[in-house]
Every structure is written in structure tokens, then in C-alpha cells.
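Please read it beside the structure.

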Amino acid sequence: MTETATARIEMRGVSKIFPGVRALDHVDLRLEAGEVHALMGENGAGKSTLIKVLTGAVRRDEGEIQLDGKVVEIGTPGEARALGIGTVYQEVNLIPTMSVTKNLTLTRQPRKFGMVNWREAREVAKARLKRLNINIDVERPLGSYSVAIQQLVAIARALDDDTRALVLDEPTASLDANETAMLFNIIRDLKARGLAIVFITHFIDQVYQISDRVSVLRNGRLVGTGKIADTPPLKLISMMIGRELEKTALRLVGNAKTSDAPVVLEAEGLGKRVTMQPFNLKLRAGEAVGLSGLLGSGRTEVAKLIFGALKPDTGRLELGGAPMHGSSPGASVRAGIAFCPEDRKAEGVVGELTVRENIVLALQSKRGWLNRLSRSEQERLAAEMIKALGIATPDAEKPVGQLSGGNQQKVILARSLVAGPRVLILDEPTRGIDVGAHAEIVTLIRKLCGQGLALLVASSELDELVAVSDRVAVLRDRQMIGEISGADITRDNIVHMIAGAKS
Amino acid sequence: MSQAQTTSTRSSSLGATLGAIGRHRVVWPLAALALLFIVDFIISPSFFNIRIVEGRLFGSLIDIPYRAAPTALVALGMAVVIGTKGIDLSVGSIVAIGGAVITWRIHAGDPHLLILFIALAVGLLCGLWNGFLVAALDIQPIIATLILMVSGRGIGLMINLLYGGTDPSFTSPLLQGLSTGHIGYIPTRLLVFVFIFALLWTLLRRTALGLFLESVGGNTAAAYLTGINARMVIFSAYVISGLMASSAGVILTADTHTSDPISVALNIELDAILAVVIGGASLGGGRIYLGMTILGALVIQSLTTTILTSGMPPEYNLVVKAVVVVVVLLLQSSNFRSLTLSILARRKR
């Protein structure tokens, strides 16, 4: 790293307001030449917006950007590129069915007599890959190579001879350990050539492997910037999660001992390659178990593996002492497991169907298609749930798609409850729900546990987990790294555990 | 002051009621049908007359449902498939294959009641094939059913060759009775239609299959996570469509008592899709309106009848049909309605 008076890139007081949201609030970011700068933050912290301002994909409302000491205006991605700022977005925007050559020369094909000169295009492609020391057949379709190679091709495309800064948005998200190591070698090489590299990731370990400095964003504000050597993981995670919510929510637990209640669900060595390392988990009747970890640590994956929405390739699952045969949502629902997904729009509600139809769907699926619930039965169940959960809808016949997000979330919860499960899995149950409804749902969860329901809650909200859980299983980098139970469940303990051995 | 308020509330609630009626899905297709009937009445004042000729009811109001019945059967199957966000282009070919098989088996001397079931089994088989391609192999419905659409009529011609193919006509009191006969004053095919409709309605609405089909069409991932076997549900939609198409095939083949794979039920898939869409369903899936689909089929047939009775050359038929369909769809589009309203409001100001 060369600490000089003028930074490679200096962003000052950058703000961006989207309708109703202040995505960036006077953020400063300084990138030196020849450094890898990690940009960290939970979902919605403003990382993507900041990057898009830098690369011209989003126009800032306030602030200025300097490149090597000169104020620059970056209005479009093309202008950013002309200034020497290359970007590789999270969703690889290459075309897998086209050859590597075509992908690498898509925007500027060498021409001869107005026609594309493919021979020269091949040479250009090879030269671009050579910069990264990659030697592959450029005529093969990109899709025939591994994700890692595709990622490198994307980087090769972002690099020109005069590239001064490179932005990598979650480049390692779908890579395994070896592929990641290969990518890091290339990043180190680029760094040695004096590029300023912005590295966005959710993997804490990788930040310590490759970065020189780190900046943390939260709720659109810069929380801090520092040398990675001076920022232990615990401090980093505290910065990301924030402390202003410290006024720990009243613990609703203090309930009867559940440690001698019968085991309802037991997962042994359940796992899936690349997705989630094998884990063990026990759920007892009346017990609420929390799943905690940063984004991408495997919370949703654990929930989906247990429910059968992801097919495990190792391990086994027992329900009420009997092994589960086959794993599919259908089998799980019939066996008495219910699942409320995190992404209610994509995986939760059926927007065209009415509130009533959405509420009875899981129970109906459990009963089978021949054993239809009568209309009056459906209406009774829907009315009951609308009242119990306080779903704000003019009547049960309104299409769910027309309800507000929080009410849709309640409809999904109602659907799971109506099916009368023994095990209920909630993935981010209170995301996008107002405070009042939040409390109602937490209270309801506790009540159900009192009746013997076993509950698994995956949540990014530590306070919520502290409030509802009898035990918390902690995840990091797609591994279950431990459990905390009883009085030991505090924000600090969970954060310590997520930070892991490095603290 | 308070009086003025009451008046304004009352008028706004009246407006809301009118708005609700305008939004109700049954209104616009029904209005289109009424409009067509009025045009028919102006062209030919005897349009609404119903007489008894040779012991059966006779008149335009009987003729329209009589001719619409096969299309309506196909359209009902199509409505189910479209409800799952799919489409079945092969229905015309299924009719053609069914017709060829019927003629072939009659030439082979099978009992005609057996042939009726063989014809339905052919439709079942075609539906299983489509369902296999879409549900098991994940091929996009439009491509998957295009395969049978393209090959089906050729298969029909090949079946014709099985008995020499010289004379593809036949007589069958049973099948022709189902298609062109009458029971009492009422055409038999209308009774057949009502029977099949009742079966389908029971299958969809008295079991949970209809709800499953709609939830899979509305949001496959969500339906899957509630434990519904989405593949089986999609599979069943194509099987239903195949069966409905083959039942229409029996009526159409017996009507002409010949196997004509090249031109029988030509473009019926397009009429069926139109009927479903006029009935208010979205090609995006998620809703199945059986009754409305019949209304859609009636609108399409009335249109054809109107063009014929108006004395316009039949060449105009397709173009006029297209225009009317566009108008009905525009009326149904809430975007278009609010646009028109806002333009009108601007004029007034």
C-alpha cells in the first residue's frame, strides 16, 4: 500500500435518496492505489448503492468523487470505464452460450471493412486473459467452464490496460475453497500492479485473508474505516450489526424447563455440498431454537435442508423418533413440519389467490386433493386466523397480492399454523413487520411453544432471537459452530461466537 | 353542509358500486355478447325466434351454442392449462388423431361404444405425452405442445393409411347420435357438453385440485413449499386438456362422419385461447374461470354467426374477429379504462 497525499479514488459526502429511503447518507470512502479495500455491511446497508455511484450505474444526489486528485463526473457505466474504473457485478453479466471470445469483445469488436474481424477478436481475448495469467480455449462457450473461470473471464473483461480501480461485488459467493484461493492470487497480483481494489463479501474469514483496509456501512452511513490489522473480527461484526438496539428486548422466555421434554426433531450430519456443512440439531417439544449468523452464513440453508426444500446429500432426519423417508416439502408437511419462507413474494404468498385460499393451502395440501375442506370450513379457519393474527383485510376474499407486506407475512404464518404442525420453521418471521405486529407474533410464538410446538427461528435480528429462543445455534461461513442456551443467550455472547476464534 | 356531505357520500358510493360492476369480470364479455345479439337482431329481426322443426329446437339461439360446443370443450381444457401458467397448442392435432383413430377402428369393425372410449384414451395418451414433456422434462409448454401440434396431423394421415385410406368416411348411429342427434327437443351434443362440464367442475371445485392448479400457476415455488406436488399438478392439467380435446374430437368427427386430419379443427387452439382470455383469465396463470370460458366461446361463435348472417363475405370473418377480440380485451384492461377515463376527464375540464 502506498499512502500518499492523493488517493486513487476519494468519495466525499456522497448521498443518495430513493423514494422513501435514504440509501446513502454523506458517505466518505478513500481508496489508495495498490490496496484491497473490503466493503462490509448487512443487507440494505448501502454497499451496492455506493458501488453503483462509483461505477456510474446510479446518479448521486450529493457529494463529489476525485480520481487521482481530480474531480470527475461519472454519469454512466461507460464513463466510469473510460476513466479506468472496472466493475464485476455480483450477478455475472456474461452470456454463457457465447464463446469466451465473444464475451470478451462484446462491447468493442475489432472491425475490418465494417465486419467483425474474428481473428483479431481472438487475439484480443487471449491478451485480456493473459493479463490474469489464464490460458484457456477462447473458442469454447463460456458456459462450458467452471463458475470460477467464468468469474475470471468477467474480471478480464472489466480490466483494460489503463484500469486504475476494480470493484468486485461478492466474487467468491459461488466458489469453493480452491477456486477462491486461485482468485485471491490474481487479486494480489493486480494489487501489486497498483490497482485500487474494492472487495465486497459476506465471508468474514476472506476479509482477513485478502484485505488491507476495511470500511463498514450501516443504514446508509459509514460506520468506520480502518486497517484490517487494527480491526479484530469482534469489532468488525459489532460495527456491522450496530449497537443502538442494545436496550435488550424483554426476554419472554423464563418458561418451564424444556430440556427433559421429548425430542421432536433430530438432524444428524445433515448437509449439502457447497451449500451447508453437515450439522446436528435437536428440537424438543415446546422449545424455540434460534439460528443466528451473518447473511450468507447458512441460516436459510439449515431451515430448507430440514424442511426438504433443499435436498440434503448427507445425514439423516428423525421426526418423533421415526426416520423421515425421502425429503420433500410434501413429505415434511404431511409429517407435521411447516415452513414460512423468508422471501414472501417469491416463495410465500400466491398473489392471485384470496386470503382464505392462501390460509388453507398448507392444510389442504396435507389432507390431499381428494379430501377437500368445505367452503364453510375454509371460511371459518380464515376468519379465525384473520382475528387471531390481526390481519388487516376488508374480507377473506381479497387477493393476497393486494395486502401490505406485513399482512402478507401474517397470512403465511396463518397458513403454517392452520396446518397444525409439530415443528414450525420460521425464516425471518418479522422482516418488514411493524413493531406492534412484531410483538403480537412473538407472543403468539411463545404461546404455541407452551402448547408443545417445537420452533426453529432463523433471524438476522439478534434481539429477536434473544427474546424468543431457549437455545441459539450459531452459524458462520456455512458451518454450525456451536450452541448457546438458557441465560447465556445474550447479544454479546452471540456476537462473540459469530466472530469466532479470531477474537 | 351536512346535507351536502351526505349527498356527496351517496353519489360517491353509487360511483363505487358502478365501478365495482365495471370491474367485475363477467360484465364485459356479457356486454360483448349482448352487443352482438343486438347487431344480429337489427340485421335479421327473426334472430331470437325459436321454432320446432322435425321434432327439435331450431333457431340462432340454439345454433350458436350448438356450434360453440366443441370449441368450448377444448377451451375448458385450455383454461385449466392456462391456469397453471402453461399453454396447450396441440389440441387441434389431438382432435385430428382422435378422428383418424375413430374411423380406423370403425373400419376394423370394433363395437362403437368401445371406440368412444378408445377415442378418449387417445386424448388421455396425448395429454400424458404433453404432461411428461412439460412437468417431467421441464420443457417450456409452448414448445412442448408445439411438437404434437406439428406432428399430430401427420400422425392422423398415417393412421388413415392403416385401412388403405381410400374412403375415410363412416356411419355410426351411436357417435353421430351424440354429435348431431337430439333427445326430446334438445340437441344431444348440448347435453353431452353439460355432462362433461359438470364432471370437470366437480373435479376442480369439489376436490382441491382446482385450488392446487391455481396455486401452482400463481406461484409455483410457494405452492411447492406448502407441500403441493407441483409436477403432478401440472401434469394433470395437460391430461385434462387432452381428454377435453378428444371429447371435442368425437363430436367434430361424427359431425362430418369422416377423418380429415388436415383441416378438422383447424386453428381451434387459437379460438380456445381467445375464449379463455375473453373469459378474463390471464396467460400469467393463477386463475381458472370455467363458466367465463364458456361465455368466451359463445362470444367467438356469435361473432362468426353474426358475420355470416350479415351477408358479409366469409373472407372478412377472421379480420372482424380480430377487431372484436381487441375491443373486448381493451375493455377488460384496467389500464386502458383508466386511461380513457383520464382523457375524458381532461376534455371536460
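This is a predicted model. Ser144(A) sits in the loop that links helix H4 (118-130) and helix H5 (147-158) of chain A.

- Ser144(A) has a relative accessible area of 36%.
- The side chain of Ser144(A) makes a polar contact of 3.3 Å with the side chain of Arg140(A).
- Val100(A) is 44 residues away from Ser144(A) along the chain, and their C-alpha atoms are 9.8 Å apart.

**Helices H5(A) and H6(A)**

- Helix H6 of chain A covers residues 177-192. Its axis and that of H5(A) come within 10 Å and cross at roughly 20°.
- The two helices H5(A) and H6(A) are therefore roughly parallel, as the limit for that class is under 35 degrees.
- The crossing of H5(A) and H6(A) is right-handed.
- H5(A) contributes Ala148(A), Leu152(A) and Ile155(A) to the contact. H6(A) contributes Glu179(A), Met182(A), Leu183(A), Ile186(A) and Leu190(A).
- By class, the contact of H5(A) with H6(A) holds 7 nonpolar residues, no polar residues and 1 charged residue.

**Helices H13(A) and H14(A)**

- H13(A) spans residues 375-389 and H14(A) spans residues 405-418. Their axes come within 10 Å and cross at roughly 125°.
- H13(A) and H14(A) are therefore oblique to each other.
- This crossing of H13(A) and H14(A) is right-handed.
- From H13(A), Leu381(A), Met385(A) and Leu389(A) take part in the contact. They meet Lys410(A), Leu413(A), Ala414(A), Leu417(A) and Val418(A) of H14(A).
- The contact of H13(A) with H14(A) has 7 nonpolar, no polar and 1 charged residues.

**Strand residue Arg471(A)**

- Arg471(A) lies in strand E21 of chain A, residues 471-476.
- The relative accessible area of Arg471(A) is 12%. Arg471(A) counts as buried because that is under 20%.
- Beyond four places in sequence, Arg471(A) touches residues including Lys282(A), Leu283(A), Ala288(A), Val289(A) and Gly290(A). Among its other contacts are Ile484(A), Ser485(A) and Ile489(A).

**Helices H5(B) and H6(B)**

- H5(B) runs over residues 112-136 and H6(B) over residues 141-161. They pack at an angle of about 145°, with axes 9 Å apart.
- H5(B) crosses H6(B) in a right-handed sense.
- On H5(B), the contact residues are Cys126(B), Trp129(B), Asn130(B), Leu133(B) and Val134(B). On H6(B), they are Pro141(B), Ala144(B), Thr145(B), Ile147(B) and Leu148(B).
- The contact of H5(B) with H6(B) divides into 8 nonpolar, 2 polar and no charged residues.

**Helix residue Gly131(B)**

- Gly131(B) is part of helix H5 of chain B.
- Is Gly131(B) buried or exposed? Gly131(B) is buried, because its relative accessibility is 0%.
- Setting aside neighbours within four places in sequence, Gly131(B) contacts Ala136(B), Phe235(B) and Tyr238(B).
- Ser241(B) is 110 residues from Gly131(B) in sequence, with 9.8 Å between their C-alpha atoms.

Notes: Residues numbered from 1 in each chain as written. Chains lettered and ligands numbered in written order. Predicted model: local features only at pLDDT ≥ 70, side-chain atom pairs only at ≥ 80, totals over all residues. Heavy atoms only, no water. Helix = DSSP H or I, 4+ residues; strand = E, 2+ residues; numbered from the N terminus. Buried < 20%, exposed > 50% of the residue type's maximum accessible area, 1.4 Å probe, protein only. Polar contact = N/O pair within 3.5 Å; in protein donor to acceptor, adjacent residues only side chain to side chain. Axes fitted to C-alpha atoms, helices over the stretch in contact; angles between N-to-C directions. Parallel < 35°, antiparallel > 145°, perpendicular 65-115°, else oblique. Left-handed = near helix turned anticlockwise from the far one by under 90°. Contact = heavy atoms within 4.5 Å. Nonpolar A, V, L, I, M, F, W, Y, C, P; charged D, E, K, R; others polar.
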